[in-house]
Amino acid sequence: MVSDLHSNLEALDAVVAAARDRGATGFIVCGDIVGYGADPEAVLERVFDLPLRSVVAGNHDLAAVDRFPLDWFNDVAADALRWTAEQLPADARETLRGLEPRESSTEGLVVHGSVVEPASEYLMPGEDAAASRSFGHEPFERCFFGHTHVPTVFEQRGDGGVRGNAIQGEGRLRLTGGHRYLLNPGSLGQPRDGDPRSAFMIVDDEQSAVEWIRVAYDVDAAQEKIRAAGLPGVLADRLAAGR
Ligand code: ZN
């Protein structure tokens, strides 16, 4: 399970290899396939070559095909989105147009931001009240989300209480029967938790557990492509810092 790939082909290849090494047989994609990075078309193609269980659109994916307002974004993100839209051929734009920010799958509910506002609301660690609203919005057991670029779990106990935590580095969690979960793998293509390694999550249905995993990738190559494309330099710099 991956989110916020952001046109980072080097990170995607590293994560797919690492996930397959760990026995992954299907992929869930929580949106923001494009935006920020230098390889929108190639990343989109690679994603749709994967054995996909579920894929949703993020706000960047929607904005790249004029389905989300560009003035919602800061200048750097909007510049990168204009560049992204120019790079995408007609069939890639069609693919993005076919995605919604929310989808039900057999593995669980999949959204980009939150259950209440699937395209745009941020569920940052600690924002337990916002997470409670998402738990109350639909009767899901597990919901996968992204958007914040921070690996996170919100857990709702049987008594309705909600607690959220950021996951530092890697971690494993056994899912308790009767509890409900909102699970964010962190960002594959632009981590923002201070760890520059690419983030993803393994959902282990047999063990009823999830695992957050980090994998190093060729940051230099991704940075070089961003600079060569003439994208804002800060988008290259931040990959090395993981911020
Ligand atoms: Zn994102």
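This is a predicted model: local features need pLDDT of at least 70, side-chain atom pairs count only at pLDDT 80 or more; totals for chains, interfaces and linings use all residues.

Start with the largest pocket. It holds about 340 Å³ of space. Its lining has 17 residues, and the closest to the centre are Thr 25, Gly 26, Arg 53, Val 203 and Asp 204. Which elements give two or more residues to that lining? Strand S1, residues 27-29, and strand S10, residues 198-204. S10 has the largest share, at 4 residues. By class, the lining of this pocket splits into 8 nonpolar, 3 polar and 6 charged residues.

Next, the second largest pocket. Here we have about 150 Å³. There are 13 lining residues, and Glu 141, Arg 142, Leu 175, His 179 and Ser 208 lie nearest the centre. The class count for this second pocket is 2 nonpolar, 8 polar and 3 charged.

How many cavities of 30 Å³ or more turn up in the whole structure? The search finds 1. Who sits around the centre? Of 15 lining residues, His 6, Asn 8, Gly 37, Ile 226 and Leu 239 lie nearest. Two helices each supply at least two lining residues: H7, residues 219-228, and H8, residues 233-241. H7 gives the most, with 3. By class, the cavity lining has 6 nonpolar, 6 polar and 3 charged residues.

That's the tour. Happy to take questions.

Methods:
Residues are numbered from 1 along each chain as its sequence is written. Side-chain values use heavy atoms; hydrogens and water are left out. On a 1 Å grid over the protein atoms alone, a cavity is a set of points where a 1.4 Å probe fits but cannot get out, and a pocket is an open set with protein on both sides within 12 Å along at least five of seven lines; lining residues have an atom within 4 Å of a point. Grid points are joined across faces, edges and corners, and a volume is the space filled by probe spheres set on the points. Ala, Val, Leu, Ile, Met, Phe, Trp, Tyr, Cys and Pro count as nonpolar, Asp, Glu, Lys and Arg as charged, and the others, Gly among them, as polar.
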